[in-house]
Amino acid sequence: MHPMLNTAIKAARRAGTIINRASLDLEHLSIARKGPKDYVTEVDRAAEEAIIEVLSEAYPDHGFIGEESGVRPPLEPRGDGEPEYQWVIDPLDGTTNFIHGFPAYAISIALLHRGQTVHAVIFDTNRNEIFSASRGGGAFLNDRRVRVSGLTRYHDALIGAHVPDSGAGVKSTSPFADMLGECAAVRRVGATVLDLAYVACGRLDGFCAVNLKPWDLAAGSLLVTEAGGLVADFDGEQTWKETGNVLAATPKIFTQMLAHMQD
């Protein structure tokens, strides 16, 4: 395992300890609202600080992009421009699930080298599952290499979806409404990083989303591609990093999802 990936796993486990401890005392949790249906807790902030502390100690010349703290320069910057390496952190994806005691949330850490994701870790603290990937090195669940599913028929596919403000189901105004009506079933986990990790290991056959943020996508997208899947926007292009609109799936399911979107 690459030393940087190993350090990221160490940081994720440190944050996981904070999250697991807090999950035992949810009634005393301090919760704030960042926006409509968008929550943050002191656990999110404490977990992010713990991750940054571990990574900064090992790599003081690396920068950070955190969901809670935003862009942070390196402790020991080198040169005048952007740092060569940046860590992208979502300390607790699925905060709404977490504050309700619903066990579907995870930590996401990705390392960018000159803008390209080279290492990724997603830690499901409830199941003690570490999903990891290094560019060119494959994707893993704990110590086992994983691949996307071998499913070929979209009508048989289990698809994950992230559709903001869709209440109990997927509204007819969703860009995915027709497409999702054609698959076997839809799951809305409420934690995008787990959706992408599940595509990578074959638990989901595909995933679709709108308006995601860099910390939602950085680690999970590498997991999917290293597991043999495809990630693109609704036109099959690579603008998803900028738009946050994304399809991710096994290649044969991806092709059928893309055709539905274009129809």
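Let's start just past the end of helix 6, where G228 takes a positive phi of about 95°. Before going further, please keep in mind that this is a predicted model.

Now back up into the helix itself. Helix 6 covers residues 214–226, 13 residues in total. From its first C-alpha to its last it reaches 18 Å, close to the 18 Å expected at 1.5 Å a residue. There is a bend, though, of about 25° at G220.

How many of the 13 residues of helix 6 are buried? Eleven of them are, so helix 6 is largely enclosed by the rest of the structure. If you want to select them in your viewer, the buried residues are W215, D216, L217, A218, A219, G220, S221, L222, L223, V224 and E226. You'll notice that G220, where the helix bends, is on that list of buried residues.

So who are the neighbours? One of them is helix 5, residues 192–201. Helix 5 and helix 6 pack at an angle of about 5°, and their axes are 8 Å apart. That makes helix 5 roughly parallel to helix 6, since angles under 35 degrees count that way. On the helix 5 side, the contact is made by T192, V193, L196, A197, V199 and A200. On the helix 6 side, W215, D216, L217, G220, S221, L223 and V224 take part.

We have an open sheet of eight strands, in the order 4-3-5-6-7-8-9-10, with mixed pairing. The edges are strand 4 (70–72) and strand 10 (144–146), each pairing on one side only. From one strand to the next, the twist averages 20°.

Both helices meet this sheet. Helix 5 packs on the sheet and touches strand 5 (85–93), strand 6 (106–113), strand 7, strand 8 and strand 10. The direction of helix 5 makes about 100° with that of strand 7. Helix 6 lies across strand 3 (63–66), strand 5, strand 6, strand 7, strand 8 and strand 9, and runs at about 100° to strand 7.

Let me zoom in on strand 8, residues 129–134. Is strand 8 mostly covered or mostly open? Mostly covered: six of its six residues are buried. As a reminder, side chains in a regular strand alternate between the two faces of the sheet. Here E129, F131 and A133 sit on one side, with I130, S132 and S134 on the other, and both faces are covered.

Strand 8 has a partner on either hand. With strand 7 (residues 116–124) the pairing is antiparallel, over six bridges. With strand 9 (residues 139–141) the pairing is also antiparallel, over three bridges. F131 is a handy landmark: F131 stands opposite I122 and also opposite L141 in strand 9. A133, for its part, stands opposite A139 in strand 9.

Both of these pairs are hairpins. Between strand 7 and strand 8 there are four residues, and N128 takes a positive phi near 55° in that hairpin. The hairpin of strand 8 and strand 9 also has four residues between the strands, and G136 in its turn has a positive phi of about 85°.

One last stop, for anyone with the model open: A259, in helix 8 (residues 251–262). A259 is partly exposed, with a relative accessible area of 36%. The C-alpha atoms of A259 and F234 are separated by 9.3 Å, while the two residues are 25 residues apart along the chain.

Thanks, everyone!

Methods: Residues numbered from 1 in each chain as written. Predicted model: local features only at pLDDT ≥ 70, side-chain atom pairs only at ≥ 80, totals over all residues. Heavy atoms only, no water. Helix = DSSP H or I, 4+ residues; strand = E, 2+ residues; numbered from the N terminus. Expected span 1.5 Å × (residues − 1). Bend = angle between axes of the 7 residues up to and from the residue. Buried < 20%, exposed > 50% of the residue type's maximum accessible area, 1.4 Å probe, protein only. Pairing = 2+ DSSP bridges. Axes fitted to C-alpha atoms, helices over the stretch in contact; angles between N-to-C directions. Parallel < 35°, antiparallel > 145°, perpendicular 65-115°, else oblique. Contact = heavy atoms within 4.5 Å.
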